[in-house]
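Here are my notes on this model. Please read them with the structure open beside you.

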Amino acid sequence: MFNYLIALIIISSSFLRAQEDINIQDTTQTFYFYEPYPQIMGTSILQLGGSFTLLPTSVAENEFPTPAVDLQYKRGIFKNISAIGSFSTNYFTNLLHIGIQWNLNEDKFSFGFANHFGGFVGFISMEGTYDSNSAYAIFYLPILRFGYRLNDFSISMSFAASYIFKSTSRVSGLKARGPGKTWNDIFCTIAVEQPFLKSTYLSIGLSLTYSRSPYQSWLLFNTIDEYLFVPEFFFGFQL
Amino acid sequence: MKLFVIIFFILMSELIVAQIKPDSVYQVEITATASSLISFFDQGRYPGATNTASLGFGFFIRGMWHPGRLLSIGFMTGYTQIATDEFSVSNLNNNELTSASARLSAIPIQLVVSMQGKKFEFGLGMGPYMMLSTIDYGITAQGQRLELGLTFFGSYLFSLSNNIHLGPELRVLYLSYRGIISIMPSLSIRFEILRY
């Protein structure tokens, strides 16, 4: 009887493990940052990564990829509603925006609409040129997101535009008003998100921006009043 | 005894399940690609040039670390000759025409990310190209400059053996600073040199 009990426990553990494997591979339980698949309430994603933005040569004169560290957070707060926060910094240039996103899915296809508000702050002191430089902007950012989930990964595309309420820059005490009450950027972001290594999830993608005044180049005193193309490569690991 | 046989088979089946888990196999892969390529220039390659397309050739090699999932990351280099031109230059002193030649080549030094299915692979190389230009006009002048570029590629590979795969690959090179797009319909061979 004891032997049969041992056999039963071993066999049961085998079934339990099989059940675990099924849960791990259940893709509806996997949530990504860029894909607008509805999150389960109470679940959250914290993502740390980086980005490289290629500044327009008409402003920077040379091809210069600007690096930044990105921290992103998404939490399911109600059914089909997520709260989102995003912070990007390279110390001199900082961008923070937070918002609420409505998510919907039809089988593998998902759709989302987000309203974000945020601010940009930049500061730097350069000895020998200008003592102190700073700039800030306050903006509204509506985002339309589309996602498609395959067995092992998801593809998503989003379209967004930023409306600047107010922006100002200062150079050694001289204050200049920047773009205000105007749409400043339109951009399209393409992201692929998938498992990487054993249980880590990775987002990689490109963001293609047309901007009248790219915030990443605030220090270069852009005087070109036309839409400039600003491509960006990004990646992020779910923590 | 029966009991031990049953337990033995159950444990063996567990080992087999562990063996076929897809994320348990990590690979290092080397892929080589070579072919001719056609390049389109946004601006004239030399003063007076009217044609915007040129023929060249390229050879690329990438080493990829492929840790069990779809995604792999690695490094790519190689050599590509984008354009060679023969043209005439008018001498300012006596208006005589002198023949000249120019050549533009590029060496990629790029980080690569790619996604692989069973047969398909799609990827993107990002980073600089070392642009090498040579102008021969009685004397030879050479220049070199790092410029950023993107290399998109997609391939479909057939298995020749467990470790060797061969197939067509289409790649598109984009060099934004000079406004060059190169299209390269090529052949690739992949060696899986390490599996652990």
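1. First, a definition. Helices here are DSSP runs of H or I with at least four residues, strands are E runs of at least two, and both are numbered from the N terminus. With that in hand, chain A has 2 helices and 11 strands. Keep in mind that this is a predicted model.

2. Order of elements. Along its sequence, chain A reads α-β-α-β-β-β-β-β-β-β-β-β-β.

3. Burial and surface. Chain A has 239 residues, and 42% of them are buried.

4. Contacts along the sequence. Take the contacts in chain A with a separation of 6 or more. Of these, 55% are between residues 24 or more positions apart.

5. Chain B, S1 with S2. Strand S1 of chain B covers residues 26–41, and strand S2 of chain B covers residues 53–67. The two run antiparallel and are joined by 15 bridges. One pair to look up: B:Val28 has B:Trp65 in S2(B) as its bridge partner.

6. Chain B, S2 with S3. S2(B) also pairs with strand S3 of chain B, residues 71–90. These strands run antiparallel too, with 9 bridges. Here B:Gly63 stands opposite B:Phe75 in S3(B).

7. The turn. Which residue takes a positive phi in the hairpin of S2(B) and S3(B)? B:Gly68 does, with a phi near 80°. This hairpin has 3 residues between the strands.

8. Side chains. In a regular strand, side chains alternate between the two faces of the sheet. Please keep that in mind when viewing the strands.

Notes: Residues are numbered from 1 along each chain as its sequence is written. Chains are lettered from A and ligands numbered from 1 in the order in which they are written. This is a predicted model: local features need pLDDT of at least 70, side-chain atom pairs count only at pLDDT 80 or more; totals for chains, interfaces and linings use all residues. Side-chain values use heavy atoms; hydrogens and water are left out. Buried means under 20% relative accessible area, exposed over 50%, partly exposed in between (1.4 Å probe, protein chains only). Contact means heavy atoms within 4.5 Å. Two strands pair if DSSP finds at least two bridges between them.
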